Each structure stands twice: as structure tokens, then as C-alpha cells.
Amino acid sequence: MFYKSTRNSGVKVTSAEAITQGISSEGGLFVPESIPELSLEDIKALGGMSYADRAAFVFAKYLTDFTDAEIHYCTDNAYSTKNFETESIAEIAHLFSGTYMLELWHGPTCAFKDMALQILPYFLTTSAKKINLDKKIVILVATSGDTGKAALEGFKDVEGTSILVFYPEDGVSPMQKRQMKTQEGSNVGVCAIKGNFDDCQNGVKAIFTNEDVKAKLAENGKMFSSANSINWGRLVPQIVYYVSAYADLVKDGEIELGEKINIVVPTGNFGNILAAYYAKHMGIPVNKLICASNINNVLTDFINTGVYDRNRKFYATVSPSMDILISSNLERLLYLMTGCNDALIRSWFGQLASEGCYEVNDDVKAKLKEEFAAGFCDDNETKAAIRGVYNKYSYTCDTHTAVAVKVYNDYKETTGDTTKTVIASTASPYKFSAAVLEAVQNGKSDLDEYAMIDKLAELSKLPVPNALAELKNKPERFNDTIEKAQQKDYVLKKLGE
């Protein structure tokens with residue numbers, strides 16, 4: 001299995017090269033040259049395996065330059081109870097008949113990003129050895145909240161690497177901010193940007209493709225790579241949990257083997273739902289992929305109209321990990337839907353960079369309608385969804401998962417579709433305790449962050465994750481804040497270049 005670039009189909013690299021580079025030199029994203037297949041017999045067999053073994057089975061189809069021993073080294077170390085607070089790694093909770101919550105937040109940072117970022121350091125260091133890379137790998141990360149902490153936790157003190165994370169100063173929750181500011185590790189750094197997530201992400205992408213910066217690093221035996229979902233090594237682990245969820249539902253007798261399901265995903269950067277798309281095209285029986293957005297509804301508009309337009313007001317919401325107007329992984333989907341037409345991708349994303357918008361052709365519009373449904377909701381509707389689920393089912397969900405619940409309820413009411421449905425639950429409610437507590441109590445609280453957590457624990461009967469409980473007494477290590485235009489110079493200064 002080789003990998004091509006979305007902006008230059010002539011590029012051909014191994015998975016180890018794709019993972020270490022993170023992004024192609026001309027700015028394109030790496031995609032596998034074909035999507036491997038899973039048979040129904042494969043899916044049935046996966047039901048009898050551990051999560052780590054299921055992951056190894058899927059990875060073997062994509063990372064064909066890795067040996068079985070290398071893959072199992074990665075999966076066995078990443079997916080164990082030393083990293084996750086549940087043996088099954090990805091829990092499935094039954095919300096109501098035919099509707100399931102896929103809980104992806106039982107890892108060390110209490111967010112779905114752990115599912116990929118616990119294994120990415122193993123992928124990256126193994127890949128570097130495979131291609132005889134003798135450079136120190138510098139991980140640059142832009143985060144809207146969860147990726148940053150999960151990447152920091154995954155890469156802390158990993159030999160041969162250093163990591164620097166940028167987050168929007170006012171665009172993450174207090175708990176997310178505290179998680180990053182108190183991060184331990186000798187090779188980590190964190191900095192706030194005066195701007196939004198898109199500013200952070202654009203800055204990181206610009207640094208990645210700056211030839212002068214790359215040359216300076218190379219002179220000192222260093223190179224950049226990414227822990228954002230622009231890195232294929234971040235995206236491929238996300239495919240696994242959709243495959244695993246289907247195998248579990250079959251094993252548990254909730255669905256028949258071959259029965260189609262819907263998958264609902266709250267998403268901003270489009271990586272999490274793209275992973276579900278890959279799972280579907282591998283052979284997981286999926287009816288509709290339902291894309292759920294908050295009031296920053298650029299993806300909803302795009303799926304419904306085929307016009308991507310980031311020229312709109314940006315909103316800071318109670319679901320900050322979705323406060324994004326430039327959805328990077330959409331590029332991979334459109335590359336696939338155009339039959340790997342790199343010229344079209346260069347044209348559309350060139351328009352996005354220069355004009356802030358583009359419109360896809362009729363063929364792609366038809367494919368979007370066939371594969372996806374989309375909806376969005378505002379903060380008041382998000383909180384109402386949290387309150388409704390809590391009151392009706394005694395289940396407490398976070399602000400991002402609540403967006404998915406609201407959008408799914410709207411979809412079901414509009415379409416009458418009663419297909420059994422998996423909702424991706426992407427974070428612990430304790431990461432957004434102020435908004436969740438306000439929703440559950442139907443009123444704002446004047447308690448501090450940790451008192452809110454205690455109150456939420458009392459009401460929800462949900463154990464407080466150890467990783468969050470321990471934050472209270474940790475000292476803050478990182479308090480830098482810079483203008484977005486200073487990002488490049490800040491990186492060079494921190495790296496001693």
C-alpha cells in the first residue's frame with residue numbers, strides 16, 4: 001500500500017514516510033492509493049478479539065510496510081488498561097432502543113483524540129527507524145482544545161521528539177486550558193494565540209511548507225511532523241473504532257451481521273467523520289453518515305449545497321472543539337470523490353486560500369447527498385439536548401456529543417429513518433463542566449471549576465476521571481501568549497534556530 005498526495009497524484013510514498021512527513025511537501029494530504037476491504041466474515045471474527053487485536057487487523061491492511069511484530073508493538077502498548085480506564089477501550093452505552101453512544105473518552109485526556117494520539121508516537125518512532133531517519137522529529141500542533149492535550153500526553157518524554165502546541169487564547173474550555181498549561185514532560189511546549197483555531201491551524205500549515213524554516217531545521221538535524229489529523233497516522237486509528245463498534249454490536253446481538261447502521265459524528269475538522277467514511281468503504285454496512293455541527297455550520301452548508309464558504313462570522317461556543325471554519329480533512333474526501341483529481345483539488349483549495357470559498361461540481365454534489373446528511377444547532381439547543389438526555393435517560397453527555405444528539409433527533413424527525421444508529425461520544429462531560437452543569441440544572445452556577453465537577457459528579461453519578469481530578473493541584477508551566485503573526489518566529493526561538 002502506497003500513499004499519494006491530494007495535490008500531486010504523482011507522489012508515491014510508504015506509510016512510514018507518510019507518517020513521518022505528516023504532510024506532503026506541496027501542502028497536500030497523504031491518502032492510501034486504494035481502500036482495503038473487510039468482509040463480513042472478517043467483521044464477525046473481529047468480535048472475538050481485543051480492541052488492540054482489532055486495531056492490528058485493520059492497520060495491517062493500511063501499513064503494509066510494517067511487520068506484524070511492529071504493528072502489535074504499537075497496538076499492545078497503546079491500547080491497554082494502563083492508558084485507558086476501561087478494558088474495552090471504546091465503550092458502547094445503550095441510550096435507548098436502537099441508539100448507541102460510542103464512548104471514545106476513557107483515555108488519559110478524556111477525549112476521543114486519545115484513541116489516535118496514544119498510538120501515534122509508536123507509529124512515528126517506528127516509522128522513523130524503518131526509514132533510517134536520524135533527525136529529531138519536531139511535532140507542531142494546532143488545537144481547538146482536545147488534540148493539544150492528547151498529543152502532549154502521547155509525546156511527552158518520547159525519545160527523539162519534541163512537541164509544541166498552539167491553541168486559541170479564548171477558544172478552549174477552562175479545563176482544556178488547564179490540562180495544557182500543566183502538562184508534564186521535558187520535551188513539550190504550549191502557547192496561546194490571539195485568534196481562533198483557524199489562525200492556529202493556518203500558522204502551523206504555513207510553517208510546515210516554509211522552505212527556509214525547513215532548511216534551518218535540517219541544518220540542525222531536525223524535521224517537522226504533525227499530530228493533527230492531517231497526518232495519516234492520526235486518522236487511520238480513528239477508522240478502527242467504527243469497525244470495532246460494528247463488531248461489538250454484532251457480537252452482542254444488537255444487530256444482524258450485514259445490517260446497516262447510521263453513524264452520527266460531531267465534527268469541525270472533518271477527520272472523525274472521514275474515518276467513518278473510510279470504515280464504510282472498507283465494508284462496514286453503513287446507511288447514512290450524519291455530520292453534526294454547532295453554529296459554525298460551514299460543513300452543514302457545504303454538504304447541503306456543495307458550496308464551501310468560510311467568509312462568515314466565527315462563533316465561540318460551548319462546544320469549542322468544533323469552532324472551526326476551515327475543515328482540513330474535507331480535502332481527502334473530495335480527492336476520493338473526484339476520482340483522485342489533484343488538479344481539481346489544487347483549484348478548489350487554491351480558491352479557498354485566496355477567496356475563502358469554492359463550489360464543487362455536480363458529480364461531487366450528488367455523491368455528498370448520497371453518503372451524508374448534515375445538521376447544526378446553537379448553544380441553547382445544545383444545552384437543551386444535554387438536559388433532555390439527562391432527564392429522560394439519566395445519561396450525561398458533553399457539549400459536543402449533545403450537538404450530535406440534537407442533529408440526529410432532527411434528522412430522524414425529518415426523514416423518518418429508523419435505522420439503528422451509533423452516535424460518536426467525543427469527550428467526558430467533566431471537560432465542559434460549566435456548560436453541562438448549567439444544562440442539567442437549567443441555570444448557571446457560581447461555583448469554581450472543581451466545585452462544578454464535584455456537583456456534576458453528584459448529579460450524574462459518573463465517576464470523575466483521575467486525570468481531571470489530579471489537575472487541581474498541578475502547577476501551571478506554560479503561560480505564553482502571542483499574536484498570530486509571531487507564530488513562525490516563536491517556533492524558531494523555542495527550537496533554538
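Reader: What volume does the largest pocket have?

Author: The largest pocket has a volume of about 530 Å³, a volume being the space filled by probe spheres set on grid points joined across faces, edges and corners. The model is predicted: local features need pLDDT of at least 70 and side-chain atom pairs pLDDT 80 or more, while totals for chains, interfaces and linings use all residues. Residues are numbered from 1 along each chain as its sequence is written, and side-chain values use heavy atoms, leaving out hydrogens and water.

Reader: What makes a space a pocket or a cavity?

Author: On a 1 Å grid over the protein atoms alone, a cavity is a set of points where a 1.4 Å probe fits but cannot get out, whereas a pocket is an open set with protein on both sides within 12 Å along at least five of seven lines; lining residues have an atom within 4 Å of a point. The lining of the largest pocket holds 24 residues, and Pro121, Tyr122, Thr125, Val158 and Glu159 lie nearest its centre.

Reader: Which helices supply at least two residues each of the lining of the largest pocket?

Author: They are H4 (68–78), H6 (120–130) and H7 (146–155). A helix here is a DSSP run of H or I with at least four residues, numbered from the N terminus. H6 gives the largest share, seven residues.

Reader: How does the lining of the largest pocket divide by class?

Author: Into nine nonpolar, eight polar and seven charged residues. Ala, Val, Leu, Ile, Met, Phe, Trp, Tyr, Cys and Pro count as nonpolar, Asp, Glu, Lys and Arg as charged, and the others, Gly among them, as polar.

Reader: Which residues lie nearest the centre of the second largest pocket?

Author: Arg7, Asn202, Lys205, Ile326 and Ala353, out of a lining of 18 residues. The second largest pocket holds about 390 Å³ of space. H9 (197–208) and H15 (342–355) each supply at least two lining residues, and the largest share, three residues, comes from H15.

Reader: How many cavities of 30 Å³ or more does the structure hold?

Author: Two. About 240 Å³ of space lies in the largest cavity, and the second largest cavity has about 50 Å³. The largest cavity has 25 lining residues, with Phe112, Lys113, Gly268, Asn269 and Ser321 nearest its centre. Its lining has eight nonpolar, 14 polar and three charged residues.

Reader: Which helix gives the most to the lining of the second largest cavity?

Author: H9, with four residues. The whole lining is Ala142, Gln201, Val204, Lys205, Phe208, Asn228, Ile230 and Ser328.

Reader: At what angle do H19 and H20 pack?

Author: H19 (residues 433–441) and H20 (residues 449–460) pack at about 45°, with axes 9 Å apart. That makes H19 oblique to H20. Angles under 35 degrees count as roughly parallel, over 145 as roughly antiparallel, 65 to 115 as roughly perpendicular, and the rest as oblique. The axes are lines fitted to C-alpha atoms over the stretch in contact, with angles from 0 to 180 degrees between N-to-C directions.

Reader: Which residues make the contact of H19 and H20?

Author: Ser433, Ala434, Val436, Leu437, Val440 and Gln441 of H19 meet Glu449, Met452, Ile453, Lys455, Leu456 and Leu459 of H20, contact meaning heavy atoms within 4.5 Å. By class, the contact has eight nonpolar, two polar and two charged residues.
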